[in-house]
4 protein chains.
Amino acid sequence: MELLMLKAIIVGASGYTGAELANFLVRHPHIELAGLYVSPGSLDKGKKLSALYGHLLGVVDLPLQPLGNADIKTVCADIDIVILATAHEVSHDLVPLFLAQNTAVFDLSGAFRVQEAGFYDKFYGFTHQYPALLEKAVYGLAEWNFEAVKKTDLIAVPGCYTTASLTALKPLVEAGLIKDNTKPTINATSGASGTGRKASLASSFCEVSLQPYGVFTHRHKPEIDQHLGMPVVFTPHLGSFKRGILASINVQLKAGVTAQQVNQAYQNAYADKPLVRLMDGTYPALKNVVGTPFCDLGWAVDGEDLVAFSAIDNLLKGASSQAIQCINLRFGFAITTSLL
Amino acid sequence: MELLMLKAIIVGASGYTGAELANFLVRHPHIELAGLYVSPGSLDKGKKLSALYGHLLGVVDLPLQPLGNADIKTVCADIDIVILATAHEVSHDLVPLFLAQNTAVFDLSGAFRVQEAGFYDKFYGFTHQYPALLEKAVYGLAEWNFEAVKKTDLIAVPGCYTTASLTALKPLVEAGLIKDNTKPTINATSGASGTGRKASLASSFCEVSLQPYGVFTHRHKPEIDQHLGMPVVFTPHLGSFKRGILASINVQLKAGVTAQQVNQAYQNAYADKPLVRLMDGTYPALKNVVGTPFCDLGWAVDGEDLVAFSAIDNLLKGASSQAIQCINLRFGFAITTSLL
Amino acid sequence: MELLMLKAIIVGASGYTGAELANFLVRHPHIELAGLYVSPGSLDKGKKLSALYGHLLGVVDLPLQPLGNADIKTVCADIDIVILATAHEVSHDLVPLFLAQNTAVFDLSGAFRVQEAGFYDKFYGFTHQYPALLEKAVYGLAEWNFEAVKKTDLIAVPGCYTTASLTALKPLVEAGLIKDNTKPTINATSGASGTGRKASLASSFCEVSLQPYGVFTHRHKPEIDQHLGMPVVFTPHLGSFKRGILASINVQLKAGVTAQQVNQAYQNAYADKPLVRLMDGTYPALKNVVGTPFCDLGWAVDGEDLVAFSAIDNLLKGASSQAIQCINLRFGFAITTSLL
Amino acid sequence: MELLMLKAIIVGASGYTGAELANFLVRHPHIELAGLYVSPGSLDKGKKLSALYGHLLGVVDLPLQPLGNADIKTVCADIDIVILATAHEVSHDLVPLFLAQNTAVFDLSGAFRVQEAGFYDKFYGFTHQYPALLEKAVYGLAEWNFEAVKKTDLIAVPGCYTTASLTALKPLVEAGLIKDNTKPTINATSGASGTGRKASLASSFCEVSLQPYGVFTHRHKPEIDQHLGMPVVFTPHLGSFKRGILASINVQLKAGVTAQQVNQAYQNAYADKPLVRLMDGTYPALKNVVGTPFCDLGWAVDGEDLVAFSAIDNLLKGASSQAIQCINLRFGFAITTSLL
């Protein structure tokens, strides 16, 4: 019996996340990577992806084709899956156009993640035009929303810091272990790839150095708040490494909550989830997750104080591999397909 | 008029901190570096310091001489200053011997930092034999204890994490700004030099990676508690860089405390302290302090939430340059002498 | 039709190369990873491989079993493939024992690479006891010896520097382009993983720095000489990165040799070899090969001067993935199986 | 007796080299840093240097003032020393203007380094307008041209690769040890700061990786040739570190030349030069020179093959500290003043 192959395209394929998505899709046994697209004005238009990413030479040699809005109907003729690794504003505009072609859309931007009045005006600098789509969009936190992901054509894949933070915090919230009227504090450090592939002085080799940024202003803070259901204090940091996020989280537990209850909450949430690894008495280290689709979780309890640690590859579990998880869920493939 | 030169020796001079101390002292206009010592069993005995630290070739070419307890009297004949960059247990044993020779002793180990019953048994694995000296020892947090430092012969130079943490937190405590019954949380990341110069798998180049360690068990946590006067939650991390510590600190402020009050607290504490730099609307970055004797502080307030950041070079402000500050204080030299 | 699965074991599985081999084998569709072994005295005995290498948690959780010589017959009962990632002396002793069990042996040590009187005494510090096996061993430089590899049970997988150097130089020698009585000079820089997984001061995070070592004395120099068929000047360097080797090679061409002839020599050698990538007017960069099984080659000609550049991942093409290539060749699988 | 202080200004002070120069000058006991200048169109105009370089906060807080050609006469009223850390074309235009004001000019660009017809057209893209100044300019290779440096007002401070290469090769050429009709080959690796402080994709944190560049085309190759007096093959590489250059040099010695003769050549050249350190049986490592004004040299001889290694900090001995050496020479200060 011949396997039915789905056809997928990547829009915004020239960035770090786009390259990772392509690398996963050429290994996927049930999906054909049918095309890579960039905006018509991109300087990378016409180049092979492997001309930008030498490690993909001989692996993904497809060209980066220009995609104007007028091309969408033709391009989508036999496409099942569209992955958007585009800027937030671009995704905002493209999503309805692709949905109109009956493709399933997996959007890695922030454009459809948060249903809160004024959120996009405040944190993304534009007014959202598609409130109905925002409502319809399913948040693709793969370990938590898998039933909903199966039934939608618009998946908003979560942000990198958000994935790391929510994966660590949601089990505690679900189990009701966090003290009332307290806020978890999240201190997270991301590799320089989090700023994307671009020329900027701040991300030049000699300038990158461990430091906080976006203090009290980062857009992932309200994204965490909404999908966690409670407010947090979130402080992102830039680290002097290429990839990975480590989130260190302080939580005050309700009086009387035991370490055993915390362990149980994590076990309940993830014992059957192959891409979240619960450390057994040790703690996550970036080297163990970089280049992998895993989220590693570790924690410790001392009285009412809990510290939890969450580590991911920001470009993989924090973006591309979580998108592939969502695709696998949506189309009924094993969740680790092409990822392990 | 001929300047009077004091004579100093460094014991435990073969480690990273010892090398930094030597490098400062050869530049000091009022101090002569009179000798470098290691334990009689050291494999580095007899080598020049510059044979271990190639960057010091032509700068500090003194030999590492063995120092047995029986040699102390002779060695100290005309010595004014003894700097101990030795292991905690070794410092514990050496301090009374050097004090008996009427030298001023600056101890960079943890052996005389904390006056708390059972502290050394629990956190250092030995029972302290010199409670009277512990009581007499002045904690060398240079910006805070300068009057006391001037009048003692035993200065316990603070730990690296402790220096970063206390420098950020003490102004808030002194000003009474921290909410009652809350604990500041400190997440700090240190470069690999914090583990010292030694062969170990964990500190080998391919194994070092951003990760937490010593969760709820690190000995700098009670050191911070004691010298701050209130309990904290402290989580140290190892970072994949050589030098520097960045501490990110979350504090809950008393209701009604304003950003202006916080700013004023920091100004009051440090406006006249040349080696603590208050950022003006920006945040510390490791690159700005590594290789310098500064502690950089930045902070932001959002309602009752405050985040503060403190950055130091762990081997300098976190050890050797703070020792030099203490020496400068003790002997009446300008506090930045040989440091800037 | 059910696929016939071969069974393989890895001896010396606790090192960096062993971990990479295991990671490849669990992905191989025609080979079952049947066991991981360490020496009976290993401190890692009994641990899971993923306890040493956290990135393999959930991927390779097999235990590291002790293997004494007396166990070999039992262990080999139904084993087709033995991969030795053991120390040179250990491989020297184990190879005849495994061959006696009719397994195919792929040895990643240096113990069977060079057939030259006195070589092992001089460069490895032991006298070789199995000259007949040395003669029988096929050198597993996969792109060059594929016919011979198919017909032997003892493959000596080349050294990392040697693979990088020979891949760049052999096409020139085969085509007769190098000036008589001149020696190619090779300056190669390797990541710190080349020294293996071990505690040592020299490989500690704070000590590693770009520098030459083994000048005129490195054991890969005579290995290159023998398999190239001419002497070279070889200078290895340690670089401050984890993985990868870049070899920069200077060659004097015979008078009249053109750039076109050089291009043709490389095309002839590698046009049909999927794991050697010929750059087209650009040059190799470490980032493009690290984590991949490729060798990237680039070169330029200026009159009689040629510079060639060769880049590999030292643990993959320089060790484990080349071993897998040899296994694929030996058993008739596509050469890139489990590698791409 | 009051010390006479010379007054110096730095033009092009916003770059990495400018910042290093400023840092040296504020420590110089005989020179006052009288002003920092940038071009009138610079975006950094008006900022404090420490706003660009946080490590200089509290150390060099002078503002970056705009300098138009019309301002030069006024600015130079009481200035003794002008240091140009400007782009090549800018230095080309500024040098005659500053010389007309009777200042001593130390130019760190390539604009006055090479007296060869057509050199600037070919390698710098402009036609040189001041052949008489080119002839008058003294090449500031401090250890070699110190008598000439004392007597001129225009010093062309050498390039970074050139300094590393010439320091290693000139003693061999002077002693006549290099085989006739052979070319030394130089493979040198520079840290990313060599590309300067700027936004570019190629120098972004995630893109920098060990790789060759400028193969057979780098402008330091003819600079080396001219000041060495013989042709070389020069291959520069970019390394994944911030600072430092390591040059690895292969030379064919004349028949019969002994290691002793090579040693003697180096001793003759540098025994009395405090800023060139001759390794004694070891080899240079970047970590030993980064942050220092030293050039470290090591070498080994095997028959007619010599390899030599030269390590410098590209921003210091390869630029700013060598400029200070030249200033010290020119004005009769000890050559290491403000450097050690």
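Predicted model: local features only at pLDDT ≥ 70, side-chain atom pairs only at ≥ 80, totals over all residues.
To the contact between them, domain 1 of chain A brings 14 residues and domain 2 of chain A brings 12 residues. Together, domain 1 and domain 2 of chain A bury about 1100 Å², with 49% of that area on carbon and sulfur atoms. On the side of domain 1 of chain A, the residues that lose the most area to domain 2 are A:Tyr16, A:Arg113 and A:Phe123, which together make up 45% of what that side buries.

Polar and charged groups also take part in this domain contact. Three salt bridges are found across the interface of domain 1 and domain 2 of chain A, along with seven residue pairs in polar contact, both residues at pLDDT 80 or more. Two helices of chain A, α1 (16–25) and α5 (119–123), each give at least two residues to the side of domain 1 that touches domain 2. Sorted by class, that side of domain 1 of chain A holds seven nonpolar, three polar and four charged residues. Elsewhere in the salt-bridge list, A:Arg113 pairs with A:Glu223 through their side chains, at 3.1 Å from N to O.

A:Thr103 sits in the loop between α4 (88–99) and β5 (104–107) of chain A. With a relative accessible area of 1%, A:Thr103 is buried, because the cut-off for that class is under 20%. A polar atom of the A:Thr103 side chain lies 3.1 Å from the backbone oxygen of A:Phe98. Apart from neighbours within four places in sequence, the contacts of A:Thr103 are A:Cys76, A:Ile79, A:Asp80, A:Val82, A:Phe98 and A:Asp153.

Attention now turns to the chain interfaces. Chain C contributes 31 residues and chain D contributes 32 residues to their contact. The area buried between chain C and chain D is about 2700 Å², 61% of it on carbon and sulfur atoms. Within chain C, C:Leu210, C:Phe216 and C:Lys287 lose the most area to chain D, together 22% of what that side buries. Four salt bridges are found across the interface of chain C and chain D, and 14 residue pairs are in polar contact there, both residues at pLDDT 80 or more. Several elements of chain C give two or more residues to the side that touches chain D, among them β8 (185–190), β10 (233–238) and α11 (286–289). The most comes from β11(C), with four residues. By class, the side of chain C that touches chain D has 15 nonpolar, 11 polar and five charged residues.

Two of the salt bridges involving chains C and D can be described by residue. C:Glu207 bridges to D:Lys287, with the closest N and O atoms 2.9 Å apart. D:Glu207 forms a salt bridge with C:Lys287, again with the closest N and O atoms 2.9 Å apart. D:Glu207 is in the loop between β8 (185–190) and β9 (211–212) of chain D and C:Lys287 is in helix α11 of chain C, so this pair joins two chains. D:Glu207 is buried at a relative accessible area of 10%, whereas C:Lys287 is partly exposed at 28%.

The contact between chain D and chain B takes 13 residues from chain D and 13 residues from chain B. About 1000 Å² is buried between chain D and chain B, and carbon and sulfur atoms give 57% of it. D:His55, D:Leu57 and D:Arg277 are the residues of chain D that lose the most area to chain B, together 38% of what that side buries. Between chain D and chain B the count of salt bridges is zero, but nine residue pairs are in polar contact, both at pLDDT 80 or more. The side of chain D that touches chain B includes six nonpolar, three polar and four charged residues.

Over all chains, the salt bridges number 60. One of them joins the side chains of A:Lys179 and A:Glu304 at 3.0 Å, N to O. This pair links distant parts of the chain, 125 residues apart. A:Lys179 is partly exposed at 30% relative accessible area, and A:Glu304 is partly exposed at 35%.

Methods
Residues numbered from 1 in each chain as written. Chains lettered and ligands numbered in written order. Heavy atoms only, no water. Contact = heavy atoms within 4.5 Å. Buried area = accessible area lost by both parts, 1.4 Å probe. Polar contact = N/O pair within 3.5 Å; in protein donor to acceptor, adjacent residues only side chain to side chain. Nonpolar A, V, L, I, M, F, W, Y, C, P; charged D, E, K, R; others polar. Buried < 20%, exposed > 50% of the residue type's maximum accessible area, 1.4 Å probe, protein only.
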